[in-house]
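Hi there,

Here is the structure I promised to pass on. My notes follow below it; please read them alongside the coordinates.

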Amino acid sequence: MSPAADAPADPAGPVEPPEALRAAVEALAVRRPTLVCLDFDGCVAELADDPAAVAPVPANAAAVERLAALDDVVVAYVSGRPLEQLRALAAPPAGVLLVGSHGAEQDLGADAAPLQLTAAQRRTREQVLELLEELANRVDGALVERKPAGAALHVRAVADAAAAEALLVEAHEAAAAVDGAHPKDGKMVVEVPVVHATKGEAIRTLRRRTGAAAVFFAGDDVTDEQGFAVLGDDDVGVKVGTGETLAGHRIAAPSDLAGVLAALAARAEARGADAPPRSTPTRPGAAPDA
Ligand SMILES: O=P(O)(O)OC[C@H]1O[C@H](O[C@H]2O[C@H](CO)[C@@H](O)[C@H](O)[C@H]2O)[C@H](O)[C@@H](O)[C@@H]1O
């Protein structure tokens, strides 16, 4: 992968990807089946104060629809969101695979199994919820999100930046001391799942299940780095926004993603019927999990 570079923003219209990124997605699109993995918040959707009030950037939703309609392209949302919330907020077109709770919940087609916590995990989740509620009650604007695989403490609505940061540090440390809890830092949030799962493991599973010849992954947050870490030389990783990253490419904002996905879709459409697919499986169910 090539080194990350900032894309110029163009408020007048759809943003063209940087040349290196365009070339990378065009090369990716000829390797089929192509797996397109997308983080949701801060990537397909803009970040918002209220976690419940988000939706895909319309141009991104249109590009996802275009990609999902293509043979030999599999689109998957790979998100920290609870699965059902992801389904409701992302409103994906038919055929799009869903990975929620950082990988702990998956809808990969016919054989999807709902998340079931063990008795020990349920107890840990209750403990984590109690802990985070107690911490959130101390700071105006702090919010606890109850999640099937754990909980998250949000501070985006906390007016005092120092208090918000201190709360996140305290929550992470306190949660780390709870047996069976796996705290992760995110954007203005500490997530505390009670099930060990990472986006990297999820992308590996998706790659295997779809028989993908190459993988695209875009994400904006610290937890997405585990996804970038499992990409290989034939894959394309795109970091959305600022911050250190293992991704080979960077765009400035969610509104810049549509141009990248459109370039990928255009090349995949153009490859059309010219060449036979390199391998048969696309939607999971066709290929057994290893
Ligand atoms: O993996 P993602 O799809 O990026 O989901 C990560 C978390 O996103 C949500 O929180 C983030 O977005 C909120 C809405 O924009 C924002 O208010 C918050 O500050 C962000 O951390 C979501 O609430 C979490 O459950 C997801 O795990």
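In these notes, a residue counts as near a molecule if one of its heavy atoms lies within 4 Å of it. There are 21 residues around the ligand, and Asp39, Ala48, Arg156, Glu191 and Lys199 come nearest.

Before the details, a word on the source. This is a predicted model, where local features need pLDDT of at least 70 and side-chain atom pairs count only at pLDDT 80 or more, while totals for chains, interfaces and linings use all residues. Residues are numbered from 1 along each chain as its sequence is written, and side-chain values use heavy atoms, with hydrogens and water left out.

- a polar backbone atom of Lys187, at 2.6 Å;
- a polar side-chain atom of Glu145, at 2.9 Å;
- a side-chain N or O atom of His154, at 3.3 Å.

The protein buries 99% of the 570 Å² that the ligand exposes when taken alone (Shrake-Rupley areas, 1.4 Å probe). The ligand takes up the space of the largest cavity, a cavity being a set of points on a 1 Å grid over the protein atoms alone where a 1.4 Å probe fits but cannot get out; a molecule sits in one if more than half of its atoms lie within 2 Å of its grid points.

Which elements give two or more residues to the shell around the ligand? They are strand S5 (143-147) and strand S8 (189-193), strands being DSSP runs of E with at least two residues, and helices runs of H or I with at least four. Domain 1 (16-104 + 197-271) and domain 2 (119-193) each supply at least three shell residues, with bounds from an automatic or database domain assignment.

Two backbone spots deserve a look too. The Arg32 to Pro33 peptide bond is cis, with omega near -5°, and Pro33 is in the loop between helix H1 (19-29) and strand S1 (34-38).  Ala91, not a glycine, has a positive phi of about 45°.

Best wishes

How values were computed:
Polar contact = N/O pair within 3.5 Å; in protein donor to acceptor, adjacent residues only side chain to side chain. 1 Å grid on protein atoms, 1.4 Å probe; cavity = no way out; pocket = protein on both sides within 12 Å on 5 of 7 lines; lining within 4 Å.
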